[in-house]
Amino acid sequence: MADRVPVSMTIGGNADQSTFAELADLIAMEGLSTEWDGPSFKPGHRTVGEAVSLYAHEVAWGQVETLETFCAEKGLPFVRWSGSYPGEWNAERIIFRGAGPIDSYMVDESDRVMIDRYLVNERGSIEAVLAYFDAAAFVVPPLVVEGDPPPVDAAAVEEARHG
C-alpha cells in the first residue's frame, strides 16, 4: 500500500467550458474535495469569482501529478501543499504561476516556508532571501470559467461608495 499524506491545492486562472469539465473530472479522479473529508468534487462545488480550494487526507505519496500536469499544460496557476511522511519525504509547497517553471518550496506541516543554511548561502543576501519568501507567497487568482459573470473589482466598488 502507498504511503499517504494530506494534500491541499488551490487552482485558478481562465478556462473555457471544456477545459473546466476536464479539470472537474481530474479533481474528482484525484479524490479531492472542497472541504476536508468532503464529498467528491463536482463542477457545482466551485464558487464563482474565487480560486478552487481542494483538500484530501489520504493522497498516495502526496502527489496529484495528473492534475498538476493538466493545469500546467492549460496555463492554470496552482499552489499545492502536501504533508511529510516521516523518514521518507518532507512537506512541500509546489507553485505554478500560469507560465514558466513549477517551483518547489520546503515547508513545515503548517505550510510555512522554511529555508536552510544552504539556501541562505545560495541566495547570498537578505534581500534575496526575502525575495525567495515573497515568491513562495504566490496568491492563486480566481478560477474564471467562460460564461462566468465579470469579476467584481472590490476596490472600485469601495471607491464608488465613498467617492
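This is a predicted model: local features need pLDDT of at least 70, side-chain atom pairs count only at pLDDT 80 or more; totals for chains, interfaces and linings use all residues.
## Ground rules

Local features here need pLDDT of at least 70, side-chain atom pairs count only at pLDDT 80 or more, and totals for chains, interfaces and linings use all residues. Residues are numbered from 1 along each chain as its sequence is written, and side-chain values use heavy atoms, with hydrogens and water left out.

Helix 2 spans residues 65-74; helices (H or I, at least four residues) and strands (E, at least two) are DSSP runs, numbered from the N terminus. Leu67, Glu68, Phe70 and Cys71 are buried in it (under 20% relative accessible area; exposed is over 50%, partly exposed in between, with a 1.4 Å probe and protein chains only). These four sit on the same side of helix 2, because they cover an arc of only 160 degrees around the axis (taken from the directions from the helix axis to the C-beta atoms).

Turn to the face pointing away from that buried side and you find exposed Glu65 and Glu73. The buried residues pack against strand 1 (4-11), helix 1 (17-29), strand 4 (78-82) and strand 5 (92-96), where contact means heavy atoms within 4.5 Å. After helix 2 comes glycine 75, with a positive phi near 70 degrees.

Strand 5 pairs with strand 6 (residues 102-106) in the antiparallel sense, over five bridges; pairing takes at least two DSSP bridges. Isoleucine 94 faces serine 104 across the pair. Five residues separate the two strands, and in the turn glycine 98 has a positive phi of about 105 degrees.

## Two aspartates with positive phi

Aspartate 37 isn't a glycine, yet its phi is positive, near 60 degrees. It lies in the loop between helix 1 and strand 3 (52-60) and is exposed, at 66% relative accessible area.

Aspartate 111 also has a positive phi, about 65 degrees. Its loop runs between strand 6 and helix 3 (117-123), and aspartate 111 is partly exposed, at 25%.
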